[in-house]
Amino acid sequence: MSGGNARTLEAMKYDSGCLYILDQLLLPDESQYVQVKDTEDGWNVINKMQVRGAPAIGITACLSLAVEMEPINFSSTDELTDYVTRKMKYLVTARPTAVNIADSAIKLNTLIEKHKEQGVSGLKHVLLEAIRNMQQQDINTCKAIGLHGAQHILKHNDNQCVKVLTHCNTGSLATGGYGTALGVVRALSEVGKLDRAYCTETRPYNQGSRLTAYELVYDNIPSTLICDSMTSALMKCNTIGAVVVGADRVVSNGDTANKIGTYQLAIAAKYHGVPFYVAAPTTSIDTRLQTGEEIVIEERPQNEMTSIKGINLAAKGITCWNPAFDVTPNELITGGIITEHGVWSASDVKIKMESII
């Protein structure tokens, strides 16, 4: 499916067993959809970062499973169970740092255990319906995150218009729709309380300059792009009301893995007295891990650092270290963790999760 140059914020389109994802590698120059026909396609578009963002890759993984699973006639619930387990385990390997695919696998297994007695056709129907509803559920979650985050930020800024700094892309393109950290920005804008949104370019893959800037311009939100190396100077020279970022995995003690560069942003915010928030759905919280030291950090190919669209940026022969994520310790998350259930202190994550289960 070719989208030509028609601008869009729909990261994925699913209808009648067909799945298309917006190829985010082509943005902002071109909007083109790629068909995902099975879990192998799903793994590839996630691994290549044609679709990215923790919530979006979780939804895409499950929808690729649904597309592949729908025409198959399973002989038993055991066969269906084994199939779903194997496929989800495979999909997790596409981007191991983000927890959302693994979280979806757990939820699908829970549904299997709950509905096995319905027989193979009934169980398959339950699983497909659950997957089809994931995108709308994520949109609802993001809007709740946006509302809670905006209210908390305004409360701590005397209800005055605020300037907000964000990192990477956490908007409609990274979720089912609306966004997490960028959802907070949107919510502030909707109530007329956003002075300006600042977004980092987010090297080396430029999700900020390519994607977040694209979304902010699309929605006519007052915004300014800065280089990653300008954040400390920005905080010193401007009154920033809050820094709001997303998360690929939050663990029990509140340590958070997010796009590389988040950690240094949190350090700068702490030094300048700027509240630092993490906006994440509870599906991104992994209470199986106790601290950030346990999070597996994905390393990306070095060509993602040394070239952009085939244009070389670095001296040939230089070696590269290219972690996709870093871990921000809980004590630097001074504003709190914004979830669909409210804003939590980072150190209270495990207790809060236990209270809603």
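1. Helices α2 and α4 are oblique to each other, a word used for angles that are not under 35 degrees (roughly parallel), over 145 (roughly antiparallel) or 65 to 115 (roughly perpendicular). The axes of α2 (residues 54–69) and α4 (residues 100–115) come within 8 Å and cross at roughly 45 degrees. Axes are lines fitted to C-alpha atoms, for helices over the stretch in contact, and angles run from 0 to 180 degrees between N-to-C directions. Helices (H or I, at least four residues) and strands (E, at least two) are DSSP runs, numbered from the N terminus.

2. This is a predicted model, in which local features need pLDDT of at least 70, side-chain atom pairs count only at pLDDT 80 or more, and totals for chains, interfaces and linings use all residues. Residues are numbered from 1 along each chain as its sequence is written, and side-chain values use heavy atoms, with hydrogens and water left out.

3. The sheet is open and mixed, with 7 strands in the order β6-β5-β4-β7-β10-β15-β16. Strands pair if DSSP finds at least two bridges between them. β6 (223–226) and β16 (342–344) are at the edges with a single partner strand each, so one side of each has no neighbour in the sheet.

4. Within this sheet, β4 (residues 162–166) and β5 (residues 194–200) pair in the parallel sense over 5 bridges. Val164 has Ala197 of β5 as its bridge partner.

5. Helix α7 (residues 181–190) lies across β4, β5, β7, β10 and β15, at about 160 degrees to β4. Helix α8 (residues 207–218) lies across β4, β5 and β6, at about 160 degrees to β5. Contact here means heavy atoms within 4.5 Å.
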